[in-house]
Amino acid sequence: MSGGQRVTRFPEIPEPLLNVRSAPGRNRRMIPAPFDASVVEGLPEAGGPPSLPDVSEVDTVRHFTRLSRLNYGIDHGMYPLGSCTMKYNPKIAEEIAARLARIHPADAPAMGQVLKCLKTLEQMLQEICGMDACSLWPAAGAHGELTGMMVIRKAFDIRGEKRRTVLIPDTAHGTNPASCTIAGFVTKNIPSGPEGYLEASALGQHLNEDVAALMITNPNTLGIFEREIRAIADLLHANGSYLYMDGANLNAVMGVARPGDMGVDCMHVNLHKTFGTPHGGGGPGSGPVLVKKELARFLPAPFIVRDESGGFVLRARPSEESIGMVHSCLGNVSVCIKALTYILSLGPSGLREAATVACLNALYLKSRLKDLFDLPYATPTLHEFVLSDARQKGRGVTTMDMAKALMDFGFHPPTVYFPLVVAGALMIEPTETEPLEELDRFIAAMEEIAETSREDPEKLHESPRAAPISRVDEVWAARNLILTWSDERIQPGEKGI
Ligand SMILES: Cc1ncc(COP(=O)(O)O)c(C=O)c1O
């Protein structure tokens, strides 16, 4: 990182931890004395009180309120974090999900309604993606990838084929190789063509009888649609291999094109990017897996089926062919309910319009920024695009400097240094929910940053100036994780500081 003079390892924290505020007797809540546990057999001996900060309710509420003010979220302003589709999520989806949150799993009639909602969502996702069957249980995109690859592995195992290689283009999302490896495959990275998409003519040399699948992110991490995907699918099928599509970028194509029609055999979507739940923030996600008919019987249990009375029930395991359970209960139901609400409230034409405007917004930004920053790939892009710091680097200004400077203009920075195929990448995804004025404000900020990098590059090393904490040593922090509170603060000089 340049501007190293401002990097700190122990910055002054603007809102101290509750542990720091703790004072004996501060929590004056009257808690009844514990009942006599000795009369109940089998309970463990009572230990000492838990080691919690001694703070009052008002201390706690104010602490979290102040923290929330230091935070930046999509409800504050534009959040152009490429690959994360940080769009505004309509509050009606939260409202409907909250209403269903209190249903008890033993309340059979209410659960029948929930299962009906989930079945409807399965069917809608199948329709949107052009696939034959769906499982809503995976809890995130990467979990969906793992589940999908376990399904593919099961298909080969049942057939007695021992294929173990998965090909992954260098424009794939970072979770793809990890998921394949956990599912027991060996991954082989294959280069995309000079225009940033995988060329079918280059695929042939990598195909052999050990190739179980190709896992392709489409649109890929450069925001480029894999235009040869149909020919790629044909080549894979002729080789007895499957085509897995990382469909987490569905926001770019929903309602416009269907992966199933492109020859995709298995895919996942990220409900928490595309359908009404924000990505990130550590909250629950959902990464449903969709497959073609041939793979349907391997999907994870349980299955939502109709009973004799026409209602919906869960069937645990229809056959030994299912890969088994991948999540307890019904996956992350609230995320599924939000997705269903989102899809129903937009309808087919609304989904199509959302995708179209997401691409239009990204193209508008790209067309206004491409003359100020390096654009490594001239190929047309969809919902996001990647710039680099190649033009500014000569003056000592890096992608990190520019990302930090954007914070001073009131924006969350874009994704940086990803995808790896572009050195110093700045990956920008505005999404469809940004109005023209906000896009223009972002352009103005980027123009000013480009100008400052020419006129006064040193200034950019000082960014962010407006944030409560400026530059921290992220590499050091990642290598020296301190995730629990301790009375003994680490002092400079310790741990090789
Ligand atoms: C293209 C792509 N694939 C996979 C993932 C992984 O999803 P998750 O973070 O839910 O595991 C993401 C996350 O942003 C993604 O953008």
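**Exercise 1.** In this predicted model, determine how many residues of domain 1 are in contact with domain 2, and to which classes the residues on that side of domain 1 belong.

*Solution.* Step 1: Contact requires C-beta atoms, placed from the backbone, within 7 Å. Step 2: Under this criterion, five residues of domain 1 meet five residues of domain 2. Step 3: On the side of domain 1 that touches domain 2, one residue is nonpolar, three are polar and one is charged. Step 4: The domain assignment places domain 1 at 91-344 and domain 2 at 384-478. Taken over C-alpha atoms, their centres are 33 Å apart.

**Exercise 2.** State the strand order of the open sheet and explain why one side of S1 and of S3 is left without a neighbour.

*Solution.* Step 1: The seven strands follow the order S1-S7-S6-S5-S4-S2-S3, and their pairing is mixed. Step 2: S1 (133-135) and S3 (186-190) stand at the edges; each has a single partner strand, so one side of each lacks a neighbour in the sheet. Step 3: From one strand to the next, the twist averages 20°.

**Exercise 3.** Describe how S6 and S7 are joined, and identify which helix lies across S1, S6 and S7.

*Solution.* Step 1: S6 (residues 266-268) and S7 (residues 289-291) run antiparallel and are joined by three bridges. Step 2: His-268 has Val-289 in S7 as its bridge partner. Step 3: The helix across S1, S6 and S7 is H4 (residues 108-129), which runs at about 125° to S1. Step 4: Helix H8 (residues 229-238) also packs on the sheet, where it touches S4 (211-217) and S5 (242-246).

Methods. Residues numbered from 1 in each chain as written. Predicted model: local features only at pLDDT ≥ 70, side-chain atom pairs only at ≥ 80, totals over all residues. Pairing = 2+ DSSP bridges. Helix = DSSP H or I, 4+ residues; strand = E, 2+ residues; numbered from the N terminus. Axes fitted to C-alpha atoms, helices over the stretch in contact; angles between N-to-C directions. Contact = placed C-beta atoms within 7 Å. Domains from an automatic or database assignment. Nonpolar A, V, L, I, M, F, W, Y, C, P; charged D, E, K, R; others polar.
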